[in-house]
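Hi everyone, thanks for coming. Let's have a look at the model on the screen together, and I'll take it slowly.

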Amino acid sequence: GFAHRQMQDFNEAVKWYEKGIQTFQASPEDDPLEGIMHNDVGYAYLILGRWGEADRHLKEGLDIREERLHVAEKRLRDATTENRAQLLAAKNQATLFVGLSRNTLGEYRRYVTEMDEALKDYDQAYEHFVEVNDYYWRAKCLCARGETYRRLASSAWEKEHDASEIQEYVEKARK
């Protein structure tokens, strides 16, 4: 599924991700994999314009990843000094994955013109990326958030809103 998604063959990607999810559910051995598959197939459905499937998988992936983050945080709080570094690494990975899910959900919401919700998802994603010090995803998230503000400015202009509102969106997009 991942290989087909990278080649932008999204119909094939969906087919393989769905098989992967079914296989995982029959034999759940690699916990992070389930959230990855739901997020990635959700993105493929997003590109294909299959909004219902995209929404369902992206939210499922986020739920799985947020639960894993809560577990990782609890383990870290309860940790002894011997295993603290390993648990911190697991918590950071879980934090990054929640950020990735939030970022993808923001893209979905931007595509379906739920701009306020998209901005909330991007803001949360950005906080997670800052927490784990991931500059690459911070930059991608900021660009996506800027694009959302640009679309809000364009929409306000088309609806002949006040020029100050349009300018505010433009400034936020530039920032």
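Let me start with a question: in which helix does Asp 31 lie? Asp 31 belongs to helix H3, which covers residues 31-48. A word on those labels: helices are DSSP runs of H or I with at least four residues, strands are runs of E with at least two, and both are numbered from the N terminus.

Before we go on, some ground rules. This is a predicted model, where local features need pLDDT of at least 70 and side-chain atom pairs count only at pLDDT 80 or more, while totals for chains, interfaces and linings use all residues. Residues are numbered from 1 along each chain as its sequence is written, and side-chain values use heavy atoms, with hydrogens and water left out.

Back to Asp 31. With a relative accessible area of 44%, Asp 31 is partly exposed. Buried means under 20% relative accessible area, exposed means over 50%, and partly exposed is in between, using a 1.4 Å probe and protein chains only. If we set aside neighbours within four places in sequence, Asp 31 is in contact with Phe 24 and Arg 68; contact means heavy atoms within 4.5 Å. Asp 31 and Arg 65 are 34 residues apart in sequence, and their C-alpha atoms are 9.5 Å apart in space.

Now let's follow H3 to its partner, H5. Two packed helices are described by the angle between their axes and the distance between the axes. The axes of H3 and H5 come within 10 Å and cross at roughly 20°. That makes H3 roughly parallel to H5. Here axes are lines fitted to C-alpha atoms, for helices over the stretch in contact, and angles run from 0 to 180 degrees between N-to-C directions. Under 35 degrees counts as roughly parallel, over 145 as roughly antiparallel, 65 to 115 as roughly perpendicular, and the rest as oblique.

The crossing of H3 and H5 is left-handed, meaning that the near helix is turned anticlockwise from the far one by less than a right angle; clockwise would be right-handed. Who makes this contact? On the H3 side we find residues including Tyr 43, Leu 46 and Ile 47, and on the H5 side residues including Phe 97, Tyr 108 and Tyr 111. By class, the contact of H3 with H5 has 9 nonpolar, 3 polar and 1 charged residues. For these classes, Ala, Val, Leu, Ile, Met, Phe, Trp, Tyr, Cys and Pro count as nonpolar, Asp, Glu, Lys and Arg as charged, and the others, Gly among them, as polar.

H5, residues 84-111, also meets H6, residues 115-131: their axes come within 8 Å and cross at roughly 160°. That makes H5 roughly antiparallel to H6. This crossing of H5 and H6 is left-handed, and the contact holds 9 nonpolar, 6 polar and 8 charged residues.

Next, the rings. How many aromatic pairs does the structure hold? There are 6 aromatic pairs. Rings of Phe, Tyr and Trp (its six-membered ring) pair if their centres lie within 6.5 Å; planes under 30 degrees apart count as stacked, over 60 as edge-to-face and the rest as tilted. The rings of Phe 10 and Tyr 43 have centres 6.5 Å apart and planes at 65°, so this pair is edge-to-face. Phe 10 sits in helix H2 (residues 10-26) and Tyr 43 in helix H3, so the pair ties together parts that are 33 residues apart in sequence. Phe 10 is buried at 13% relative accessibility, whereas Tyr 43 is partly exposed at 23%.

In the pair of Trp 51 and Tyr 108, the ring centres are 6.3 Å apart and the planes lie at 55°, so the pair is tilted. Trp 51 is in helix H4 (residues 51-77) and Tyr 108 in helix H5, 57 residues apart. Is Tyr 108 buried or exposed? Tyr 108 is buried, at 8%, while Trp 51 is partly exposed, at 34%. Ring pairs link Trp 51, Tyr 108 and Tyr 111 into a cluster.

Last stop, the loops. Asn 133, in the loop between H6 and helix H7 (135-158), has a positive phi of about 60° although it is not a glycine. Glu 160, in the loop between H7 and helix H8 (163-174), has a positive phi too, near 55°.
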